[in-house]
Amino acid sequence: MGKSPKRVAIVGAGVSGLIACKYVLEKGFHPIVFEAQSEVGGVWTHTVETTKLQTPRSSYQFSDFPWPSSVREKFPHHAQVLDYIQSYARHYDLLRFIKFNTRVIGIEFEGASNEETGPWSLWSGNGEPFSPSGRWICSVEDTLKHTRRFSGVPNIPDFPPNKGPDVFYGEVIHSMDYSAMEDAKVAEFIKGKRITVVGLQKSALDIAVECATANGSLYPCTLIYRTEHWNVPNYLPWGVHLQYLYLNRFAELMVHKPGEGYLLSFLATLLSPLRWMFSKFVESYIKWKLPLKKYKMIPKHSFSQEISSCLISTVPSNFYDKVEEGSIILRKSSKFSFCEDGVMIEGENDSLKTDLVIFATGYRGDQKLKNIFKSPTFQKYMQGSQNTTVQLYRGCIHPRIPQLAVIGYSESLSNLYTSEIRCRWLMHVLEGNVKLPSIKEMEYDTLQWEQYMKNYTAQYYKRSCVAAVHIWYNDQLLREMGFNPKRKKSFFDELFQAYGPSDYSNLSS
């Protein structure tokens, strides 16, 4: 009698979870997916009504499941994106492996003790993905019996005593609460209210426009932000697509990459002035296209830093029209606090009267990763120190946490196909076709990536973004899987054409 297939638990049925389920199943393992919501799609199941895909459709697709011909928009509406993802799950018959309305509230490793794992020189003690003496126990709860709807950890600033939301007589929510409402309920919820939105990324811009559209200049929406960003009107600065400036091999030659040799290091130094010129080229277009100077919103950092941090957002087409007509009011402030009737902006004597404050300030992905572990030791490993990134080898394996991988944490400009290649690599690890190096070697590699992030993203180094070196990152995974990383037909295309999902659709050795 043959051995029973290994069981692989997958937390979440978003894009990364579905891809992981599909490849786990293909390799003969038994997947079980825990999803807190009642449907697949992750963040796409609840989003702002006006949200569209930010990356072109051709860059956001599964390598073996193209978009339907009925979707012709270059940037599909979020409902179309959700339908596409759900169609993928149905096409590969993944729904039967998903336990819906089931949230994982904690995981605990049953096996070697902390004292035993400390001296290990190889991941899991023997470098293997599975161990007969080690397994993870998942504690779950039925979300239909609990009021918590999301498992994300919102990033909300800390406030001094008596200056936080608790002293405010109005309402305070996070953008995830706003996105969770039905469109009709949102329209009713924001109508006739003085609203303050905190943030300047995509969700903040979209929410501000929706509030301004609903209430006009009679009840203007105030947008409080701390740092200006190079939010783009489109991806064609002066008629040149961004992919020719940042998303090909030639662009990556201008960047000092983790693990590069002397020649590539020399080229990156030699070509760094060209990278600076590319950045100024894009910045000049954004300043010409958008009234940043008029509203004192020109960022102090470069566009190159923006893209290296995965912080690029597209500006809603009518955003500055709303600012011009007075239905959106821009207020820059490094700090603010709450009072009974609104918020107090630093340096101002009068309060900003408001009925509703919406924090569109993102999520704490690192905190979410830490919280899922019951072991304080694993929590410490995952969180690291205040000055370090989450230490994930190849973007998904922590060297000191056995038999566990994280797929969707490290970002790129198109997380879908980055997650897909990562899952393919992970399946080779599970099969034993890719042997992991020692723990010390993996930790050294993660430190090189951390240094790369600190060099190119400044204060945003904890975002773990591979956008500006995504080809270099994919090359490492492909080589280890035994595939040829060069996917183009000619030397010229290889150097100057952008890489996308279609380049990895037919992987061969």
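This is a predicted model: local features need pLDDT of at least 70, side-chain atom pairs count only at pLDDT 80 or more; totals for chains, interfaces and linings use all residues.
Residues are numbered from 1 along each chain as its sequence is written, and side-chain values use heavy atoms, with hydrogens and water left out.

Two packed helices are described by the angle between their axes and the distance between the axes. Here helices (H or I, at least four residues) are DSSP runs numbered from the N terminus, and axes are lines fitted to C-alpha atoms over the stretch in contact, with angles running from 0 to 180 degrees between N-to-C directions. Helix α1 (residues 15-26) and helix α2 (residues 78-91) have axes that come within 11 Å and cross at roughly 15 degrees. The two helices α1 and α2 are therefore roughly parallel to each other, a description that applies to angles under 35 degrees. Their crossing is left-handed, a term used if the near helix is turned anticlockwise from the far one by less than a right angle, while right-handed is used if the turn is clockwise. The contact (heavy atoms within 4.5 Å) is made by V15, L18, I19 and K22 of α1 together with I85, Y88 and A89 of α2. By class, these residues divide into six nonpolar, no polar and one charged, where Ala, Val, Leu, Ile, Met, Phe, Trp, Tyr, Cys and Pro count as nonpolar, Asp, Glu, Lys and Arg as charged, and the others, Gly among them, as polar.

Helix α1 also packs with α14, at an angle of about 35 degrees and with the axes 9 Å apart, and the crossing of α1 and α14 is right-handed. From α1, the residues V15, S16, I19, A20, Y23 and V24 take part in this contact, and from α14 the residues L416, S419, E420, C423, R424 and M427. The contact of α1 with α14 comprises eight nonpolar, two polar and two charged residues.

Helix α14 (residues 415-431) in turn meets helix α16 (residues 470-481), their axes coming within 9 Å and crossing at roughly 25 degrees. It follows that α14 and α16 are roughly parallel to each other, and α14 passes α16 in a left-handed crossing. On the α14 side the contact involves Y417, T418, I421, R422, R424, W425 and H428, which meet H470, Y473, N474, L477, L478, E480 and M481 in α16. Seven nonpolar, four polar and three charged residues form this contact of α14 with α16.

Grid points are joined across faces, edges and corners, and a volume is the space filled by probe spheres set on the points. Across the whole structure, four cavities of 30 Å³ or more are found. The largest cavity has a volume of about 200 Å³, and among the 16 residues that line it, L392, G395, S410, W449 and S464 are closest to its centre. Helix α15 (residues 439-457) gives the largest share of this lining, five residues.

The second largest cavity holds about 60 Å³ of space, and its lining has ten nonpolar, two polar and no charged residues. The second largest pocket has a volume of about 450 Å³.

Note on methods:
Angles under 35 degrees count as roughly parallel, over 145 as roughly antiparallel, 65 to 115 as roughly perpendicular and the rest as oblique. On a 1 Å grid over the protein atoms alone, a cavity is a set of points where a 1.4 Å probe fits but cannot get out, and a pocket is an open set with protein on both sides within 12 Å along at least five of seven lines; lining residues have an atom within 4 Å of a point.
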